[in-house]
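Subject: Structure handover

Hello,

Here is the structure I promised you. Please open it alongside this note; what I found follows below.

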Amino acid sequence: MVSTDSALRRLLRDTGKLLQPYGFDGSEPSWVRVEPDGVASITRTRVTRTWTAGQQVLGFNLRLNATPRSWWEFSNWRNARLGLSATPLEKASGPGLLETNGLPDELTTAWSVRTGTTQPGQHVLQADIDAIRAQLPRRVHAYARRAIRLLEPDHYLDELLTHPDPELRTWEAIVVLLADRGPCPDLDTAIDRLRECSAAQDASIYAEDAITYAHSRAALT
């Protein structure tokens with residue numbers, strides 16, 4: 001029998017070991033893989049604790065993130081304009097728009113660990129630990145492969161461009177990532193769409209940062 005905190009630590013140690021063959025380094029709650037084209041990370045979500053009829057339930061999940069280098073460079077450019085410090089590549093995050101696209105629900109549903117109501121000291125149910133441990137390799141494999149795939153050259157952008165109904169944040173990311181291809185009709189169209197969305201949402205000042213960056217970036221390409 002183990003406590004809830006001990007059970008969580010053991011499961012996360014297992015997670016770190018499973019991520020090592022995929023090139024992810026670090027320790028709970030975040031494991032990172034830095035590539036020339038960006039950074040991929042797998043993190044533990046915030047742990048929730050609820051009580052039902054004297055039984056404690058811990059809920060948590062893994063989250064994957066892929067940040068193309070172009071997005072990281074834009075984020076630091078915007079930070080500099082705001083007088084903020086630059087973010088190291090290994091700590092970069094965003095745009096956060098595609099990460100779990102295409103993954104089945106059974107790989108994205110949060111896990112829960114329950115305590116036995118008759119066990120002293122609030123020990124967790126072994127069946128819950130065993131169930132998560134059985135699912136862990138498949139989830140880690142899917143998340144690691146998905147994060148790495150999104151960092152392949154232009155892959156993040158290409159997926160964004162297939163979005164059937166892009167919103168403001170999607171157009172912002174498209175504009176930023178398209179700028180790496182230099183001046184082109186696609187970039188002009190994306191800027192027009194971003195301006196249309198931002199005007200509709202009264203977010204023109206926010207959008208103009210991305211547009212200003214894209215023009216200067218494209219001019220250098």
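Lining residues of a pocket have an atom within 4 Å of one of its grid points. Please keep in mind that this is a predicted model.

The largest pocket has a volume of about 210 Å³. It is lined by 15 residues, and those closest to its centre are Pro68, Ser70, Pro153, Asp154 and Asp180. Which of them gives the largest share? That is α4, with three residues.

**Overall layout**

The chain holds seven helices and seven strands. From the N terminus, the order of elements is α-β-β-β-β-β-β-α-β-α-α-α-α-α. Along the principal axes, the C-alpha atoms fill a box of roughly 65 × 35 × 35 Å.

**Sheet**

Four strands form an open sheet in the order β1-β2-β3-β6. Their pairing is antiparallel. β1 (25–27) and β6 (62–68) are at the edges and have a single partner strand each, so one side of each has no neighbour in the sheet. On average, neighbouring strands are turned by 15° against each other, direction ignored.

Inside the sheet, β2 (residues 30–35) pairs with β3 (residues 38–44) over six bridges, in the antiparallel sense.

**Aromatic residues**

How many aromatic pairs does a search of the whole structure find? The count is five. Ring pairs join Trp71, Phe74, Trp77 and Tyr213 into a cluster. When you look at such contacts, remember that a pair of aromatic rings is described by the distance of the centres and the angle of the planes.

Arg139 lies over the face of Trp111, at 4.1 Å from the ring centre.

That is the handover. Send me your questions once you have had a look.

Best wishes

Methods
Residues are numbered from 1 along each chain as its sequence is written. This is a predicted model: local features need pLDDT of at least 70, side-chain atom pairs count only at pLDDT 80 or more; totals for chains, interfaces and linings use all residues. Side-chain values use heavy atoms; hydrogens and water are left out. Two strands pair if DSSP finds at least two bridges between them. Helices (H or I, at least four residues) and strands (E, at least two) are DSSP runs, numbered from the N terminus. Axes are lines fitted to C-alpha atoms, for helices over the stretch in contact, and angles run from 0 to 180 degrees between N-to-C directions. Rings of Phe, Tyr and Trp (its six-membered ring) pair if their centres lie within 6.5 Å; planes under 30 degrees apart count as stacked, over 60 as edge-to-face and the rest as tilted. A charge sits over a ring if NZ of Lys or CZ of Arg is within 6 Å of the ring centre and within 35 degrees of the ring normal. On a 1 Å grid over the protein atoms alone, a cavity is a set of points where a 1.4 Å probe fits but cannot get out, and a pocket is an open set with protein on both sides within 12 Å along at least five of seven lines; lining residues have an atom within 4 Å of a point. Grid points are joined across faces, edges and corners, and a volume is the space filled by probe spheres set on the points.
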